[in-house]
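Here are my notes from going through the coordinates you sent. Have the viewer open while you read.

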Amino acid sequence: MSAPRRVFGFVEWTLRPDRDDDAPPVTYAFRCLALREDDSECGERSQASADPCVPQEWAFGHLRENPEHTSYAEVIERPWVMWRGGPA
Ligand SMILES: [Zn+2]
């Protein structure tokens, strides 16, 4: 994958996924997309977890409490970092 690069004030910056050992973990969450009777989105959301199975368990619990809520979005947060200069 080629990282996007931009130059600001004569300094070239590269944006790349942060895969360093001390980078924040990739996290996963689930958000309920079901519509309520007034057409507003339920929007309830699991806690973010580094384990993708944890928010899936939340979705089953949410379905038990709300049997019509069958539509979900997985929200993935992946750390990126600005890197001064070109790629290492
Ligand atoms: Zn819901």
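The points below go from the metal site to the cysteines, the sheet and the aromatic rings.

1. First, a caveat: this is a predicted model, so read every distance and angle here as computed from it.

2. The ion is held by Cys 32 (SG), Cys 42 (SG), His 62 (NE2) and His 69 (ND1), at 2.0 to 2.4 Å. The angles subtended by the 4 donor atoms run from 105 to 113 degrees, which makes the arrangement tetrahedral. For reference, the ideal angle for four tetrahedral donors is 109.5 degrees.

3. Along the chain, the donor residues follow the spacing C-x9-C-x19-H-x6-H. Cys 42 sits in the loop between β3 (27-32) and α1 (53-65), while His 62 is in helix α1, so this pair ties together parts that are 20 residues apart in sequence. Cys 42 counts as buried at 9% relative accessibility, and so does His 62 at 3%.

4. What about disulfides: how many does the structure hold? The count is 0. Take Cys 53: its sulfur is 20 Å from the closest cysteine sulfur, the one in Cys 32, and that is too far for a bond, given that a disulfide needs the two sulfur atoms within 2.5 Å. Cys 53 is partly exposed, with a relative accessible area of 46%.

5. On to the sheet. It is open, with 3 strands in the order β1-β2-β5 and antiparallel pairing. β1 (5-8) and β5 (80-84) are the edge strands, each pairing on one side only. From one strand to the next, the twist averages 30 degrees. Strand β2 (residues 11-17) is joined to β5 by 5 bridges. If you want a spot to check by eye, Pro 17 stands opposite Trp 80 in β5.

6. Lastly, the rings. There are 2 aromatic pairs in the structure. In one of them, Phe 30 and Tyr 72 have ring centres 6.3 Å apart and planes at 45 degrees, so the pair is tilted. Phe 30 lies in strand β3 and Tyr 72 in strand β4 (residues 72-77), so parts 42 residues apart in sequence are tied together. Trp 58 and Tyr 72 also pair, edge-to-face, at 6.1 Å centre to centre with 90 degrees between the planes. Here helix α1, which carries Trp 58, is linked to strand β4, so the pair ties together parts 14 residues apart in sequence.

7. Taken together, Phe 30, Trp 58 and Tyr 72 form one aromatic cluster. Within it, Phe 30 is buried at 14% relative accessible area, whereas Trp 58 is partly exposed at 22%.

Conventions:
Residues are numbered from 1 along each chain as its sequence is written. This is a predicted model: local features need pLDDT of at least 70, side-chain atom pairs count only at pLDDT 80 or more; totals for chains, interfaces and linings use all residues. Side-chain values use heavy atoms; hydrogens and water are left out. Donors are N, O and S atoms within 2.8 Å of the metal (3.2 Å for Na, K and Ca); water is not among the atoms, so sites may look incomplete. Four donors count as tetrahedral if all angles lie between 85 and 135 degrees; four count as square planar and six as octahedral if opposite donors are over 155 degrees apart and all others between 65 and 115; anything else is irregular. Helices (H or I, at least four residues) and strands (E, at least two) are DSSP runs, numbered from the N terminus. Buried means under 20% relative accessible area, exposed over 50%, partly exposed in between (1.4 Å probe, protein chains only). Two strands pair if DSSP finds at least two bridges between them. Axes are lines fitted to C-alpha atoms, for helices over the stretch in contact, and angles run from 0 to 180 degrees between N-to-C directions. Rings of Phe, Tyr and Trp (its six-membered ring) pair if their centres lie within 6.5 Å; planes under 30 degrees apart count as stacked, over 60 as edge-to-face and the rest as tilted.
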